[in-house]
Amino acid sequence: MASRSIVPISRPNVGRKGRPVRVIANHFPVELDPSITAYQYSVQFYPTQRPLSAEDMNEGGASKSPEAFNRLVLSSFTKAHATTLRNAQFAYDGRRNLYSGQSLPFTEPRTFEFVIEDENGKKEDMTLIIQIVAEKLVSDLIRSTQTEGEDIASDVLQALDVILRENLLSGHVVAGKSLFSSSESSPLGEGCSVWRGFYQSLRPSGTKFTLNVDLKFSAFYDEQNLIQFSRSVMRFPENKPFPKKLQDRDRRTILKELRGVPTNTFHTGKKMKHTVHDISMTGANEIFFENTKTGKNMNVVEYLQESYDIKLDYPNLQCAKVNKRRDVFVPLELLFIPSHRKRKALTPGQTQSIVRLAAVKPQNRLRSIHDIMRRSGLARDPLVKEFGLQVSGKPIEIKARVLDAPSVLFGGNSRVTPRDGSWNMQRERLMQSGAPLRHWGVIVFCDQRMLNDSAIDGFINKLVRAGRENGMNIDNPRPLITRARKEVRSEMTKMFRTLNEEGKAQIIVCIKPNQDSGLYREIKQMSDCELGVPSQCLLSNNVNKGNIQYCSNVTLKMNAKLGGQNFFPEPMKDRDLNHPFESQPFMMVGADVTHPGPGVESAPSIAAMVGSLDRRVTKFGNTMRCQGGRKEIIEDMQSMFLELIEEFRKANKGTVPKRIIMYRDGVSEGQFQQVLDYELWEMRKACMSISQNYRPPMTFVTVQKRHNTRFFPLDPKDGDRSGNCRAGTVVDTDIVHPKHFDFFLNSHGGLQGTSKSGFYKVLYDENAFTADQIQNLTYRMCHSYARCCKAVGVVSQAYYAHLLAFRGRCFQKEFGSDTASQGSGPGAPVFVKPEPVGIHSALASTLYYL
């Protein structure tokens with residue numbers, strides 16, 4: 001790691017520019033009593049007959065058992081020893097920490113024995129060791145927010161967070177800081193439902209504290225046996241009998257959804273837990289084994305009939321393998337999925353459904369949050385009162401500002417002023433067309449029934465017309481069109497060679513039948529890694545519709561991939577930044593890391609970086625690496641950043657950037673210091689490897705969209721047509737960090753649901769930006785996203801890095817089926833040597849990943 005620790009900078013001032021407005025935030029004021037002490041105890045427990053072992057504990061010494069089991073143990077303990085514990089009320093984090101408002105009558109570690117009873121009525125003797133850890137003074141937390149240079153007392157904050165959540169757990173399933181209930185669920189399809197819940201977290205806000213509460217939605221498996229689940233996954237109609245035996249294609253599809261999923265059996269007379277690892281190739285009547293009790297050789301059907309008097313309805317159907325190392329098979333009809341949260345990546349259909357259900361309009365969302373607070377009863381909660389917490393039932397109203405949108409510049413000195421975060425190109429021309437489009441082709445991966453020749457010709461005509469109207473230089477309006485008859489590799493290679501016979505292949509348009517990620521991955525592997533020509537994928541239903549706006553958007557992507565410039569926001573003047581910036585060579589950098597999807601244990605993470613190469617911030621160099629699975633720190637930062645500087649130098653006649661701004665996406669709050677210490681220092685070392693005197697001023701900003709703060713206009717007149725806050729709304733007071741240089745920026749217009757602002761934290765700044773300067777610069781950069789005529793939710797360079805990292809998953813042949821961009825499931829990190837992802841050199845400085 002770094003040889004020194006870099007301290008995050010403090011807020012230099014608050015912003016002043018923009019039209020003042022007032023907004024409501026989903027934060028509720030919380031009053032703390034400075035005289036209160038929370039006593040923290042650690043607990044460890046184990047079955048009395050089996051001594052505690054290291055395998056039972058995680059690195060922090062907490063139990064590895066499910067949280068529900070841990071809470072059962074704690075509940076049994078407090079009931080059995082209520083007198084000794086002086087009937088104290090406790091808040092428990094579900095792992096190791098226990099908080100009490102009163103001191104227990106012992107100071108040394110104390111051992112207790114008691115009995116627990118599980119849901120099957122089985123009793124077990126347990127031993128628990130409890131000891132005092134610390135006294136958490138609420139006054140320390142209050143003082144830490146008000147004292148310059150002192151870190152926030154996060155341990156006290158964590159304790160109060162646990163206390164505020166303790167009595168809300170009943171009837172809910174806990175997932176991090178969110179709680180979900182089956183009482184508010186809707187069908188999601190494919191054996192699952194979406195449960196509505198809420199997020200809750202105590203936050204330091206300025207010099208005060210607020211409770212952040214928001215609506216949350218998550219997918220849960222419905223309780224069902226595996227026949228029902230398989231029927232849902234394969235969409236077999238209920239009025240038709242389930243197949244006697246699965247086709248191999250169906251078997252693989254079901255296995256993909258079932259692998260790693262916990263299940264239960266009840267046929268032995270008691271509940272037994274299993275995990276599905278595979279599905280057999282043969283049916284239950286063909287799986288033979290030796291019965292160790294009788295010595296007879298029999299199949300699964302015979303064993304169940306003889307041992308449990310069970311006659312299978314599907315004796316020919318394949319079985320689930322429920323032991324990773326041994327051949328232990330159970331018929332699908334005897335296995336039941338319990339209702340639990342789905343950690344595997346959602347299917348495309350489920351993703352569409354949950355996005356639609358979660359798109360709650362702003363005012364409806366605010367009403368739901370009010371309802372959550374009313375039902376929580378926090379104002380009346382005796383445990384909350386014991387710890388001196390007073391939670392308001394009214395959300396905070398705060399000051400905000402709406403920044404002026406920058407003019408967007410097009411060709412011919414034309415400019416457009418965005419309205420509600422969007423603009424159109426009806427009378428505008430691209431700033432700069434890419435190379436004249438002469439050598440291009442279209443490969444259709446659909447049959448005539450799905451997409452006929454007439455529809456293809458009609459779409460190409462519209463695409464060419466839209467491109468020319470936008471200012472693209474399309475010399476050849478009739479691309480080479482072929483309908484695929486072989487695999488992707490053969491068809492794309494043949495197209496590439498044919499185009500090269502008359503010149504140099506420039507772009508290959510591929511029309512896909514559906515959202516099949518496998519076909520998309522194959523196309524991108526060929527175009528980006530092997531052929532070195534950009535590709536543009538389209539869906540057949542969009543081609544059939546031939547919507548002219550869709551055609552126009554496609555031409556924006558194509559022009560950028562061909563090296564053109566679509567538009568860019570009007571540059572800020574040096575006088576607006578108080579020092580030379582845009583008059584000198586500068587580089588805007590975006591970085592992101594995408595991780596394996598939920599439940600994927602053996603895949604690397606992909607680190608990606610982009611760096612601007614021109615003053616307009618429309619051309620970018622790019623670089624990627626594989627690294628250890630689920631590692632957020634960019635391990636090979638030095639060489640990756642050096643690559644970007646070299647690309648900049650090539651594009652600018654040997655000149656290196658004089659100033660650098662990094663927008664780092666994907667970093668969680670607990671990783672800020674780690675990222676700052678390592679990545680910034682590695683960037684500095686990359687510069688010094690060019691010359692010891694090359695030390696350009698750097699600004700390092702983290703970008704977050706995975707937060708839970710939402711804003712609502714207090715006056716509907718201050719909102720847009722969707723009821724959301726207007727594009728350009730910025731908040732840097734009241735609910736931001738009491739010391740750090742951070743701000744919320746709602747840069748995009750509302751479309752559906754409630755808009756989520758980008759959250760920016762300036763960790764380091766040698767360019768000495770004021771709040772107004774960095775906020776305006778950031779807002780301006782949200783208007784440079786080449787794929788559409790809209791301002792986007794985060795700065796474009798961070799968005800590009802995200803797209804690049806996501807594309808990198810397509811190039812991982814061994815793990816390519818994992819297309820999720822963010823995972824939260826368990827998984828052992830895979831340590832691989834950081835190395836470049838094999839992108840063709842012809843695409844090194846292009847936006848091929850748009």
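Trainee: Hi! What should I know before I start looking?

Mentor: Residues are numbered from 1 along each chain as its sequence is written, and side-chain values use heavy atoms, with hydrogens and water left out. This is a predicted model, where local features need pLDDT of at least 70, side-chain atom pairs count only at pLDDT 80 or more, and totals for chains, interfaces and linings use all residues.

Trainee: And where do the helix and strand numbers come from?

Mentor: Helices (H or I, at least four residues) and strands (E, at least two) are DSSP runs, numbered from the N terminus.

Trainee: At what angle do helix 4 and helix 5 cross?

Mentor: Roughly 110°, and their axes come within 10 Å. Axes are lines fitted to C-alpha atoms, for helices over the stretch in contact, and angles run from 0 to 180 degrees between N-to-C directions. Helix 4 and helix 5 are therefore roughly perpendicular to each other. The contact is made by Leu226, Phe229, Ser230, Val233 and Met234 of helix 4 and by Asp250, Thr253, Ile254, Glu257 and Leu258 of helix 5.

Trainee: What are the cut-offs behind those angle words?

Mentor: Under 35 degrees counts as roughly parallel, over 145 as roughly antiparallel, 65 to 115 as roughly perpendicular, and the rest as oblique.

Trainee: So how do helix 11 and helix 12 pack?

Mentor: Helix 11 (residues 488–500) and helix 12 (residues 517–531) pack at an angle of about 40°, with their axes 10 Å apart. They are therefore oblique to each other. On the helix 11 side, the residues that meet helix 12 are Val488, Arg489, Met492, Thr493 and Phe496. Helix 12 brings residues including Leu519, Ile523 and Met526.

Trainee: Changing topic: which residues of helix 10 are buried?

Mentor: Ala455, Ile456, Phe459, Ile460, Leu463, Val464, Ala466, Gly467 and Asn470. Seen down the axis of helix 10, these fall within an arc of 165°, so they line one face of the helix. The arc is that of the directions from the helix axis to the C-beta atoms.

Trainee: Why would residues three or four places apart point the same way?

Mentor: An α-helix has 3.6 residues a turn, so residues with that spacing point the same way.

Trainee: What do the buried residues of helix 10 pack against?

Mentor: Among their partners are strand 25 (440–444), helix 13 (540–545) and helix 14 (548–561).

Trainee: And helix 16, what span should it have?

Mentor: At 1.5 Å a residue, the 15 residues of helix 16 (residues 637–651) should span 21 Å, and its end C-alpha atoms are 21 Å apart, which agrees. The expected span is 1.5 Å times one less than the number of residues.

Trainee: Which residues of helix 16 are buried?

Mentor: Met637, Met640, Phe641, Leu644, Ile645, Glu647 and Phe648 are. They cover an arc of only 155° around the axis, which puts them on the same side of helix 16. Their cover includes strand 30 (586–594), strand 33 (659–665) and helix 17 (672–690). Just after helix 16, Lys653 takes a positive phi of about 55°.

Trainee: Where is Asp309 found?

Mentor: Asp309 is in the loop between helix 6 (300–308) and strand 18 (318–321). Asp309 is not a glycine, yet its phi is positive, about 55°. At 62% relative accessibility, Asp309 counts as exposed.

Trainee: Last one: what does Arg787 contact?

Mentor: Leaving aside neighbours within four places in sequence, Arg787 is in contact with Asn553, Leu556, Lys557, Leu803 and Leu850. Arg787 lies in the loop between helix 18 (771–781) and helix 19 (796–810), and at 25% relative accessibility it counts as partly exposed. The C-alpha atoms of Arg787 and Asn559 are separated by 9.6 Å, although the two are 228 residues apart along the chain.

Methods
Buried means under 20% relative accessible area, exposed over 50%, partly exposed in between (1.4 Å probe, protein chains only). Contact means heavy atoms within 4.5 Å.
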